[in-house]
Amino acid sequence: MTPQFETTAGVAVPAVTAEQMREVDRVAVDEIGLALLQMMEHAGRNLAEVAREVADGGRIVVLAGDGGNGGGGICAARHLANGGADVTLVLDRDADELTGAAARQRRVLAATDATIVSESDVGNAGEHLRDAAVVVDALVGYGLSGALRGTAATLVEATADAAHVVSLDVPSGVDATTGDAPGVAVDPDVSLTLALPKTGLAEAAVGDLLLADIGIPRGVYDTLGIDYTDPFAGARRVWLRNRT
Ligand SMILES: NC(=O)C1=CN([C@@H]2O[C@H](COP(=O)(O)OP(=O)(O)OC[C@H]3O[C@@H](n4cnc5c(N)ncnc54)[C@H](O)[C@@H]3O)[C@@H](O)[C@H]2O)[C@@H](O)CC1
Ligand SMILES: [K+]
């Protein structure tokens with residue numbers, strides 16, 4: 001039985017596997033014409049607003065990988081810096097290794113006064129996270145393959161002592177479909193998942209669960225035969241709970 005979620009207003013929200021979400025992404029981009037950067041901007045803006053609320057004026061550290069999840073985190077760092085927050089971006093690889101949308105987001109971030117730490121400067125990962133009011137986890141989302149390894153794993157281990165952790169889409173290290181953690185995984189206070197909740201979020205430790213509207217038109221879900229009712233009612237994001 002596919003786990004179901006619902007909004008606090010009682011609207012049923014279907015959960016999807018990583019594979020199904022990849023299909024949603026593909027149809028949105030290839031068939032409907034929505035650009036990845038458009039969806040990523042909504043992801044990043046929502047993430048920035050959530051992180052800003054939790055930080056309450058304190059320092060924010062964003063951990064970012066090199067995929068769509070990382071791109072959303074780097075975008076959030078821009079919106080946070082634009083709003084005057086004290087933001088540090090810590091990358092799990094060197095900045096010049098970033099590709100695609102994540103590279104584009106990092107290029108734009110350079111026009112803010114955010115501090116950018118590349119993998120080679122990470123050194124003692126805990127150092128960068130020590131006095132953060134909020135750590136944003138944008139290392140890996142539904143693109144996880146196997147147990148977290150390398151700098152991403154090191155950074156995830158350092159989040160254990162963080163005051164507050166907000167994960168983008170899926171806590172890094174958690175399998176979006178099953179909820180299993182093959183290796184280390186983030187144990188967040190809040191997870192901000194995108195467009196539709198993933199089936200694994202019903203099983204994993206996700207903290208409080210928020211669903212963000214990233215502007216996907218219902219025609220994408222209709223094309224894929226996903227029974228979708230708008231859960232947002234005009235809001236940018238809504239709280240979800242497991243549907244018993
Ligand atoms: N419609 C959607 O669902 C959208 C999703 N977006 C984001 O895009 C994400 C999916 O993007 P991608 O497919 O690029 O994948 P991810 O960004 O989830 O993960 C890929 C990255 O994780 C790293 N990685 C994977 N397994 C690892 C492991 N075991 N150890 C260390 N590093 C590992 C890869 O090197 C790569 O850098 C979603 O989770 C979401 O955050 C947004 O960009 C906007 C649209
Ligand atoms: K994540």
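Me: Which residues surround ligand 1, and what makes a residue count as near the ligand?
Reply: In this predicted model, 24 residues surround ligand 1, and the closest are Asp25, Asn69, Gly141, Arg149 and Asp169. Near means that one heavy atom of the residue lies within 4 Å of the molecule.

Me: What makes the pair of Asn69 and ligand 1 a polar contact?
Reply: A polar side-chain atom of Asn69 lies 2.8 Å from an oxygen atom of ligand 1. A polar contact is a pair of N or O atoms within 3.5 Å, so the Asn69 pair qualifies. The protein covers 86% of the 860 Å² of accessible area that ligand 1 has on its own (Shrake-Rupley method, 1.4 Å probe).

Me: Why is the site of the potassium ion (ligand 2) called irregular?
Reply: The angles among its six donor atoms run from 66 to 173°. Six donors count as octahedral if opposite donors are over 155 degrees apart and all others between 65 and 115; anything else is irregular, and this site is irregular.

Me: How do you know which atoms are donors of the potassium ion (ligand 2)?
Reply: Donors are N, O and S atoms within 2.8 Å of the metal, or 3.2 Å for Na, K and Ca. Those here lie 2.6 to 3.1 Å from the ion, among them Val140 (O) and Ser172 (OG).

Me: How are residues and ligands numbered?
Reply: Residues count from 1 along each chain as its sequence is written, while chains are lettered from A and ligands numbered from 1 in written order. Local features need pLDDT of at least 70 and side-chain atom pairs 80 or more, with totals for chains, interfaces and linings using all residues, and side-chain values use heavy atoms, leaving out hydrogens and water.

Notes. Four donors count as tetrahedral if all angles lie between 85 and 135 degrees; four count as square planar and six as octahedral if opposite donors are over 155 degrees apart and all others between 65 and 115; anything else is irregular. A polar contact is a pair of N or O atoms within 3.5 Å; within protein, one must be able to donate a hydrogen and the other to accept it, and residues adjacent in sequence count only if both atoms are side-chain atoms.
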